[in-house]
Amino acid sequence: MSGERRTAQSARKSTGGAAPRRLLDEPVEDTPPPQLLPLPDIPAQAPGVIRCGLCPMPLRSNPDPSQPIHHFLALCQHQFHYLCYINYISTTPPNKRTCCPQCNQPILTDDRYWVFVTTNSGSECYTDITKDVEDRLSVMRLARQQILIDVLAYHRNLSLATVLVSGPNAVDVNYPTPTGGFTPLHLFAKANDVTGIDFLLSHGADKELRDDAGLTPVECARSSGAWDALQRLT
Ligand SMILES: [Zn+2]
Ligand SMILES: [Zn+2]
């Protein structure tokens, strides 16, 4: 074990499991997260084939040329294929997403996903992948929300809808669409769908939220002539 790795682990121990503010015990300056941190103990020195912490494939196999990043090394020194990790966080509850899937230790630096990446062209550097992670989560959130809308509006399966809005990875019933800023309640209000409205209201939907045009679900119902919905919402 290298001195660097010991430093990272002892730093974590001393903060009771919280992610250390810096990877190394270097002088801390009042600057944003560094573009390039000192290199970690790269397990290239380790014997044998290095495998991804999430799939059985060797780490350096199957590069996907459509992705700039091939794999990365987390703060805890575990390594993952980039796509394996992105898929993992898509289905993982928020309280687990910021921890290593293998050792459960926090992997954020300064609240961001600063990881040591190996690109598909073979170069290695520290990179902040937070935006990629958030973009992927946003896509997944919308996909899950669409499933909830379909289950409610077309299948009328309230038990399945209840499952979707429950648990640690529940659909956020107030998440707005990227275009228009409509929450599910806006959509069901416009469609005059009282079953959906009743379900959403009893599972935390906020009827004060406004879409991109500044309208609440009540105002949407009124402007759409959705009188049953209007009655339910007022
Ligand atoms: Zn993998
Ligand atoms: Zn780990």
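Q: A crossing is left-handed if the near helix is turned anticlockwise from the far one by less than a right angle, and right-handed if clockwise. Which hand does the crossing of α2 and α4 have?

A: In this predicted model, where local features need pLDDT of at least 70, side-chain atom pairs count only at pLDDT 80 or more, and totals for chains, interfaces and linings use all residues, the crossing of α2 and α4 is right-handed. Residues are numbered from 1 along each chain as its sequence is written, while chains are lettered from A and ligands numbered from 1 in the order in which they are written. Helices (H or I, at least four residues) and strands (E, at least two) are DSSP runs, numbered from the N terminus.

Q: At what angle do α2 and α4 cross?

A: Axes are lines fitted to C-alpha atoms, for helices over the stretch in contact, with angles from 0 to 180 degrees between N-to-C directions. Here α2 (residues 82-90) and α4 (residues 130-153) have axes that come within 9 Å and cross at roughly 45°. That makes α2 oblique to α4 (under 35 degrees is roughly parallel, over 145 roughly antiparallel, 65 to 115 roughly perpendicular, the rest oblique).

Q: Which residues of α2 and α4 meet?

A: Contact requires C-beta atoms, placed from the backbone, within 7 Å. On the α2 side, Ile-86, Ile-89 and Ser-90 meet Val-133, Arg-136, Leu-137 and Met-140 of α4.

Q: In what order do the strands of the open sheet stand?

A: Strands of a sheet pair through backbone hydrogen bonds, either parallel or antiparallel. Two strands count as paired if DSSP finds at least two bridges between them. The 4 strands of this open sheet follow the order β2-β1-β3-β4, with antiparallel pairing. β2 (79-81) and β4 are at the edges with a single partner strand each, so one side of each has no neighbour in the sheet. On average, neighbouring strands are turned by 35° against each other, direction ignored. Helix α2 packs on the sheet, touching β1 and β2, and its direction makes about 90° with that of β2.

Q: How many bridges join β3 to β4?

A: There are 5 bridges between β3 (residues 114-119) and β4 (residues 124-128), which run antiparallel. Val-115 stands opposite Thr-127, and Val-117 opposite Cys-125. The two strands form a hairpin with 4 residues between them, and Gly-122 in its turn has a positive phi of about 100°. On the β1 side, β1 (residues 69-73) pairs with β3 over 4 bridges, with His-71 opposite Thr-118.

Conventions:
Two residues are in contact if their C-beta atoms, placed from the backbone, lie within 7 Å.
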